[in-house]
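Let's take a friendly look at charged side chains and the partners they pair with. Have the model open beside you as you read.

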Amino acid sequence: MRTVAAEAGVSVSLVQYYFDTKAELLHGTLEHLERRSVERWRERTRDAQSSTRAIAEGFLAEALPTDAESRAHHLVWTSYAVLAMTDPDLAAHPFVDGPNRRERELADILADAATRGELHPGRDHRAEAARLLALSHGLGTSVLVGQRSTDDAHAILAYHLDRLFLPATAGDLHPAARKEDTT
């Protein structure tokens with residue numbers, strides 16, 4: 001609490017006003033990082049030409065530590081997960097709620113793609129969402145430890161998405177991304 005207060009340039013009592021325990025402070029940090037990650041993903045896919053596949057790819061790429069903010073997110077979440085394995089106070093907080101929300105959101109994106117005939121037939125969108133997120137998070141860790149570059153991680157994600165999505169056609173643009181013909 002003292003370290004956070006000093007870093008923020010505020011009193012310890014102000015930090016304690018908002019967070020009663022270290023676990024609450026860490027959980028609040030994770031919630032903030034999750035909100036920022038979702039904002040960044042939405043900014044990344046706001047482009048009017050985003051296909052459903054591009055939306056999914058942007059979603060997964062957001063978990064890769066490619067800049068200071070996404071690196072901090074990955075480091076904090078991983079550190080929290082490791083601490084929660086041995087600290088009952090941290091484990092009591094539902095820190096997996098965020099990843100569960102992201103998994104459901106990706107499953108919804110894939111379900112939409114399946115409904116629109118963009119996925120190879122017979123794919124379970126929930127299982128694919130879990131697989132892709134596990135892959136993305138593992139790739140993020142491999143980037144952090146220097147095992148591979150961010151370009152390599154992006155290429156691996158693209159490889160797996162190529163096996164999930166059918167080849168794109170002009171009609172595959174996500175409904176929100178289609179431009180109306182004004183001629």
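## About the model

This is a predicted model, where local features need pLDDT of at least 70, side-chain atom pairs count only at pLDDT 80 or more, and totals for chains, interfaces and linings use all residues. Residues are numbered from 1 along each chain as its sequence is written, and side-chain values use heavy atoms, with hydrogens and water left out.

A salt bridge is a side-chain nitrogen of Lys or Arg within 4 Å of a carboxyl oxygen of Asp or Glu. The structure holds 13 of them. In one, Arg 101 pairs with Glu 34, and their closest N and O atoms are 2.6 Å apart. Arg 101 belongs to helix α7 (residues 97-115) and Glu 34 to helix α3 (residues 22-44), so this pair ties together parts that are 67 residues apart in sequence. Helices here are DSSP runs (H or I, at least four residues), numbered from the N terminus.

Glu 34 is buried, with a relative accessible area of 13%, while Arg 101 is partly exposed at 33%. Buried means under 20% relative accessible area, exposed over 50%, and partly exposed in between (1.4 Å probe, protein chains only).

## A pair within one helix

Glu 128 forms a salt bridge with Arg 131, with the closest N and O atoms 2.5 Å apart. Both lie in helix α8 (residues 125-144), three residues apart, which means about one helical turn separates them. Glu 128 is buried at 10% relative accessibility, and Arg 131 is partly exposed at 32%.

Notes
Helix = DSSP H or I, 4+ residues; strand = E, 2+ residues; numbered from the N terminus.
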